[in-house]
Amino acid sequence: MDSSCLFCRIAAREIPADIVRESDGVVAFRDANPQAPTHLLLIPKEHVTSVAELGDHHGSVLADIMQAATQLARAEGIADGGWRLVTNVGPDAGQTVFHLHFHLLGGRPMGWPPG
Ligand code: 5GP
Ligand code: ZN
C-alpha cells in the first residue's frame, strides 16, 4: 500500500468509489469520468505503477483481472455488443494515475485506432 497513491487508497476503502467487485487481489470500480456507458477500472490491490513494472509473480493477478473483465462485461450487459480493455503506460499514452489499471469500456461503438 502506497498511502500517496489514489488507487491504493480506493482499494483500501480510504477514498470512496463505486466498487463493483472485489476479490483477494483485484478491485473493480466505476471511473469517475466515464467515457462510455460502462467504464470500469480494474486494478491489482498491490501497488504496481504500470504494465511496464510487472514481474514474474504477477501472473496470477493478471489472469484474475482478465477473468474479472469478462465476467463484469457479462454483468454489465455489454458482452454481446463488445467491449474494450485498455491500459495506458506513460505520458504519450495518457496515463494519469500511476497505479496499474485496465479500463473496461463498452455500451457504445468505439473507433479504432484511438485518438
Ligand atoms: P489513465 O489516464 O491513467 O489511464 O486513467 C485514469 C482514470 O482514472 C481516468 O479515466 C480518470 O477518470 C479516473 N479517475 C481519476 N481519479 C479518480 C477517482 O478519484 N475515482 C475514480 N473512480 N476514478 C478516477
Ligand atoms: Zn497504488
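**Close-up views of a predicted model**

**Figure 1. Leu62 and its surroundings.** Neighbours within four places in sequence aside, Leu62 is in contact with Leu54 and Phe102, where contact means heavy atoms within 4.5 Å. Leu62 is placed in helix H2; helices (H or I, at least four residues) and strands (E, at least two) are DSSP runs, numbered from the N terminus. With a relative accessibility of 23%, Leu62 counts as partly exposed; buried means under 20% relative accessible area, exposed over 50%, and partly exposed in between (1.4 Å probe, protein chains only). Leu62 and Val51 are eleven residues apart in sequence, and their C-alpha atoms are 9.8 Å apart in space. The model shown in these views is predicted: local features need pLDDT of at least 70, side-chain atom pairs count only at pLDDT 80 or more, and totals for chains, interfaces and linings use all residues. Residues are numbered from 1 along each chain as its sequence is written, chains are lettered from A and ligands numbered from 1 in the order in which they are written, and side-chain values use heavy atoms, with hydrogens and water left out.

**Figure 2. The largest nonpolar core.** A nonpolar core is a set of buried Ala, Val, Leu, Ile, Met, Phe, Trp, Tyr and Cys residues joined through side-chain atoms within 4.5 Å. The largest one has 13 residues, and those with the most contacts inside it are Leu40, Leu42, Ile65, Leu72, Phe102 and Leu104. Two or more residues of this core come from each of E2, E3, helix H2 (59-75) and E5. H2 provides the largest share, five residues. Apart from this core lies another, of ten residues, among them Phe7, Ile10, Leu41 and Val97. Residues up to four places away in sequence not counted, Leu40 touches Val20, Phe29, Arg30, Asp31, Leu72, Glu76, Phe102, His103 and Leu104.

**Figure 3. An aromatic pair.** A pair of aromatic rings is described by the distance of the centres and the angle of the planes. Rings of Phe, Tyr and Trp (its six-membered ring) pair if their centres lie within 6.5 Å; planes under 30 degrees apart count as stacked, over 60 as edge-to-face and the rest as tilted. By this rule there is one aromatic pair. The ring centres of Phe7 and Phe29 are 5.3 Å apart and the ring planes stand at 80°, so the pair is edge-to-face. Distant parts of the chain are linked by the pair, since Phe7 is in helix H1 and Phe29 in strand E2, 22 residues apart. Phe7 counts as buried at 5% relative accessibility, and Phe29 counts as buried at 2%.

**Figure 4. The largest pocket.** On a 1 Å grid over the protein atoms alone, a pocket is an open set of points with protein on both sides within 12 Å along at least five of seven lines, whereas a cavity is a set of points where a 1.4 Å probe fits but cannot get out; lining residues have an atom within 4 Å of a point. The largest pocket has a volume of about 650 Å³, a volume being the space filled by probe spheres set on the points, which are joined across faces, edges and corners. Of the 30 residues that line this pocket, Gln35, His39, Asn88, His103 and Leu105 are the closest to its centre. At least two lining residues are supplied by each of helix H1 (6-11), strand E2 (26-30), strand E3 (38-44), strand E4 (83-86) and strand E5 (102-106). H1 gives the most to the lining, with three residues. The lining comprises 15 nonpolar, ten polar and five charged residues; Ala, Val, Leu, Ile, Met, Phe, Trp, Tyr, Cys and Pro count as nonpolar, Asp, Glu, Lys and Arg as charged, and the others, Gly among them, as polar.

**Figure 5. Thr49 in a loop.** Thr49 is placed in the loop between E3 and H2 and, at 32% relative accessibility, counts as partly exposed. Its neighbours within four places in sequence aside, Thr49 is in contact with Gln95, Phe98, His99 and Leu100. The C-alpha atoms of Thr49 and Val97 are separated by 8.3 Å, although these residues are 48 residues apart along the chain.

Figure 6. Arg13 lies in the loop between H1 and strand E1 (19-22). Phi of Arg13 is near 60°, a positive value in a residue other than glycine. Arg13 is exposed, with a relative accessible area of 54%. Trp112 and Pro113 are joined by a cis peptide bond, with omega about 5°. Pro113 is found in the segment after E5.
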